[in-house]
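The sequence and coordinates come next.

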Amino acid sequence: MIYLDYQATTPVAPEVAVAMQPWVSEKFANPHSPSRAGHEAAAAIEVARKHVERAIGLASGSVAFTGSATEALNWALKGTVEKLEPKRNRIITLATEHAAVLDTCEWLAGRGVDLTVLPVRPDGLLDLELLERELDQRVALVAVMLVNNEIGVLQPVSEIADMAHRVGALMLCDAVQGLGRLVIPHGPDLVAVSAHKIHGPKGIGALWMRKGAEPAPFIHGGGQERGLRSGTLSPQLCVGFGAGAQLAHERCQRDYDHVCRLWHAAVEALGAGWTINGSTAHRYHGNLNIRRDGLDAARLLADLRDVAFSLGSACASGSGRPSHVLRALGLDYRQSRSSVRLGFGRYTTQRELVEACGRIAAAAKSQERLLA
Ligand code: PLP
């Protein structure tokens, strides 16, 4: 199988599996217990925390571990709203955000929050003048992702954070698809990340919080994570996340160069007749979302069962609904049904990628011949 779905999840790095192993088998202490073994587990978690904080790379803040980035985003949004001053009751976000942000914002809107979902330009980028016009003293939070999970475009996060700060609002950045792949720009007050997108284990994420911007607790209980997020931490998951973050931080440039080479090879191997969805200038190159006139993308997927690629977000792909991100770019129903996403990264070889692209192009042409 050729794996080209790096936005859905990434293969666990061998180094991560080795680091996790003792914590899966013999070391089982509760990291919050006062025993010697408990202290050892707590110390391993603190080392992991430092690695995640270093990979995020922002100053004056710290990380709390969560069960996923979805939880981190729910916490950031709901916990910030809970701390709102009465006159600040607005959240601004984008139509192309992940469901973890959009659905949480809709839930908050149902409870009285004034929600503004801004459109994006046809290249997937936010028009900063539009944001400028929308910002006022009532805005509490601006939530914008760094790298889009469906189309790979990069939003101008630092500029957005500066603009939010000028009206006294906070900025939340979903950096799930950016962590370890790019330098996270300075500016955000809250940053959500996930281990399984950086060759770590599933079931663990984190929320980075600038000092003073911590949301109100979302999960209550034993007071772990400085009273901000209760629940016994999993040493094996934290250690795995830390190992993945350390590796991603050390290899960031190398992985980035590799991904850029792969991108150019893929575009060449696909040949003519494809259009890239989203900006080609402002993007992460490990994401290639393409469309072809008349293509039945679902059939293409079914025809090439031993190539793992997708129609878009893994979360939405079971719903049968066309992608909200492609719709936000202005694509019509047929165009979004003719789009596929190829995602590649550290462990993808140029040879397998070129082979997969060749097969995708051939299968697309054979669909055209059948229709002709
Ligand atoms: N945000 C983005 C951009 C994502 O791609 C994902 C996962 O697909 C998430 C949030 C949710 O992450 P998790 O799987 O850790 O809940």
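## Threonine 10

Beyond its neighbours within four places in sequence, threonine 10 is in contact with Arg181, His196, Lys197, Ile198 and His199. The model is a predicted one. Threonine 10 sits in the loop that runs from strand E1 (2-3) to helix H1 (14-24). Its relative accessible area is 3%, under the 20% limit, so threonine 10 counts as buried.

## Overall fold

The protein chain contains 11 helices and 12 strands. Its radius of gyration is 21 Å, close to the 21 Å given by the globule rule for 372 residues, so the chain is as compact as a globular protein of that length. Along the principal axes, the C-alpha atoms occupy a box of roughly 70 × 55 × 35 Å.

Among contacts in the chain with a separation of 6 or more, 74% join residues 24 or more positions apart. Of the 372 residues, 56% are buried.

In soluble globular proteins, nonpolar side chains tend to be buried together. In this model the largest nonpolar core has 60 residues, and those with the most contacts inside it are Ile56, Phe65, Leu131, Val142, Val193 and Phe241. Helix H7 (residues 235-270) contributes the most to this core, with 7 residues. Another core, of 25 residues, lies apart from it and includes Ala266, Leu288, Leu295 and Val340.

Leucine 131 has contacts with Ile92, Leu118, Leu126, Val142, Ile160 and Met163, when its neighbours within four places in sequence are left aside.

## Surface and charge

The protein chain exposes about 15,800 Å², of which carbon and sulfur atoms supply 54%. It carries 40 positive and 38 negative charges, whose mean positions are 2 Å apart.

## Positive phi in two loops

Serine 60 is not a glycine, yet its phi is positive, near 65 degrees. The residue lies in the loop between helix H2 (36-56) and strand E2 (61-66). With a relative accessible area of 53%, over the 50% limit, serine 60 is therefore exposed.

Arginine 226, also not a glycine, has a positive phi of about 55 degrees. Its place is the loop between strand E8 (205-210) and H7. Arginine 226 counts as exposed because its relative accessibility is 55%.

Definitions and conventions:
Residues are numbered from 1 along each chain as its sequence is written. This is a predicted model: local features need pLDDT of at least 70, side-chain atom pairs count only at pLDDT 80 or more; totals for chains, interfaces and linings use all residues. Side-chain values use heavy atoms; hydrogens and water are left out. Helices (H or I, at least four residues) and strands (E, at least two) are DSSP runs, numbered from the N terminus. The radius of gyration is taken over C-alpha atoms; the globule rule is 2.2 Å times the number of residues to the power 0.38. Buried means under 20% relative accessible area, exposed over 50%, partly exposed in between (1.4 Å probe, protein chains only). Contact means heavy atoms within 4.5 Å. Accessible areas come from the Shrake-Rupley method with a 1.4 Å probe; for residues, only the protein chains shown count as cover. Lys and Arg count as positive and Asp and Glu as negative; His and the chain ends are not counted. The place of a charge is taken as NZ of Lys, CZ of Arg, CG of Asp or CD of Glu. A nonpolar core is a set of buried Ala, Val, Leu, Ile, Met, Phe, Trp, Tyr and Cys residues joined through side-chain atoms within 4.5 Å.
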